[in-house]
Amino acid sequence: MEMLQKRWSGITPEAKKNMSAVNEDPILREESMNEFLQAWASVGINEDGRLSQDEFVSFNSQHLANILKRLGWAPALTDEDSRHIWKAIYTLNLNDNGISMEQYGRYHAVMKVYIN
């Protein structure tokens, strides 16, 4: 989590304001969630709902691009950072097919506490 705190520490006041707007406006929230779901589905090669480490790196790159477009700022995560995140999620519930959206959701909920 220290790596994430460092990467998110540069968030601008405007991006924070935009993030709040997305979280509070049901239409913006739905648009954001649809972008997330589309990014997740677009990288899942075997369509089992789980992402391998390489698929997750691709997903996270798309997800961060969506964040940048929507908020005007996104953390500069490297592919290695994304691999580290995947491994942390995967290690909590080993499955040969990768990580699920549910597992990512638990990570995301914890991550939000650390970046705010």
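I take the expected span of a helix as 1.5 Å times one less than its number of residues, and I read helices as DSSP runs (H or I, at least four residues) numbered from the N terminus.

The model is predicted, so I note that local features need pLDDT of at least 70 and side-chain atom pairs pLDDT 80 or more, while totals for chains, interfaces and linings use all residues. Residues are numbered from 1 along each chain as its sequence is written, and side-chain values use heavy atoms, without hydrogens and water.

**Helix α3**

I checked the length of α3 first. Its 18 residues should span 26 Å at 1.5 Å a residue, and the end C-alpha atoms are 26 Å apart, which agrees. I then listed the buried residues (under 20% relative accessible area, with exposed over 50% and partly exposed in between; 1.4 Å probe, protein chains only). In α3 these are S32, E35, F36, A39, W40 and V43. They sit on the same side of α3, because they cover an arc of only 130° around the axis; the arc is that of the directions from the axis to the C-beta atoms. The face turned away from that side carries exposed P26, I27, E30, Q38 and A41.

**Helix α2**

A15, M19 and V22 are buried in α2. Seen down the axis, they fall within an arc of 60°, so they line one face of the helix. On the other side, P13, E14, K17 and E24 are exposed.

**Salt bridges**

I counted a salt bridge where a side-chain nitrogen of Lys or Arg is within 4 Å of a carboxyl oxygen of Asp or Glu. The count comes to six. E31 and R70 form one, at 3.5 Å from N to O. This pair links distant parts of the chain, with E31 in α3 and R70 in helix α4 (residues 53–71), 39 residues apart. R70 also forms a salt bridge with E35, at 2.8 Å between the closest N and O atoms. R70 lies in α4 and E35 in α3, so this pair ties together parts 35 residues apart in sequence. E35 is buried, at 16% relative accessible area, whereas R70 is partly exposed, at 22%. I also found that E31, E35, K69 and R70 are linked in a network of salt bridges.

Elsewhere, I noted a salt bridge between E102 and R106, at 3.3 Å from N to O. Both lie in helix α6 (residues 101–115), four residues apart, about one turn of the helix.

Key:
Helix = DSSP H or I, 4+ residues; strand = E, 2+ residues; numbered from the N terminus.
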